[in-house]
Amino acid sequence: MGKYHTIQSSKGEKCLICEQNKLEGIHLFQSFICLECEREIINTKTNDPKYQYFVYQMAKVRILQERRQA
Ligand SMILES: [Zn+2]
């Protein structure tokens, strides 16, 4: 995954996974994933139903990107 960075804006950015505004996280493609969610994804086993939700949320980004390129 990308580099960690702190967002300068006081409002932060909307996290792709939890959909809350967070100050710290990573950029994945054009989207933002907060530190907490990124850690959770790493710690979630692939057979956990929660993992499917993460995959689904992240897949949305790819779909949006592909549409943009088309
Ligand atoms: Zn989050």
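View 1. Cys18 sits in the loop that links β2 (13–14) to β3 (21–22); strands here are DSSP runs of E, at least two residues long, numbered from the N terminus. This is a predicted model, where local features need pLDDT of at least 70, side-chain atom pairs count only at pLDDT 80 or more, and totals for chains, interfaces and linings use all residues. Residues are counted from 1 along each chain as its sequence is written. Cys18 has 14 other C-beta atoms within 10 Å, so it counts as partly exposed (buried means 20 or more such atoms, exposed 12 or fewer, partly exposed in between, with C-beta atoms placed from the backbone). Skip the neighbours within four places in sequence, and Cys18 is in contact with Cys34 and Cys37 (C-beta atoms, placed from the backbone, within 7 Å).

**View 2. Here's the largest nonpolar core.** Its seven residues are Cys15, Leu16, Ile17, Phe32, Ile33, Cys34 and Cys37. A nonpolar core is a set of buried Ala, Val, Leu, Ile, Met, Phe, Trp, Tyr and Cys residues joined through C-beta atoms within 7 Å.

**View 3. Now look at β5 and its partner.** Both faces of β5 are covered, with Ser31 and Ile33 buried on one side and Phe32 and Cys34 buried on the other. Strand β4 (residues 24–28) pairs with β5 in the antiparallel sense over four bridges (pairing takes at least two DSSP bridges). Across from Cys34 in β5 you'll find Gly25.

Methods:
Contact = placed C-beta atoms within 7 Å.
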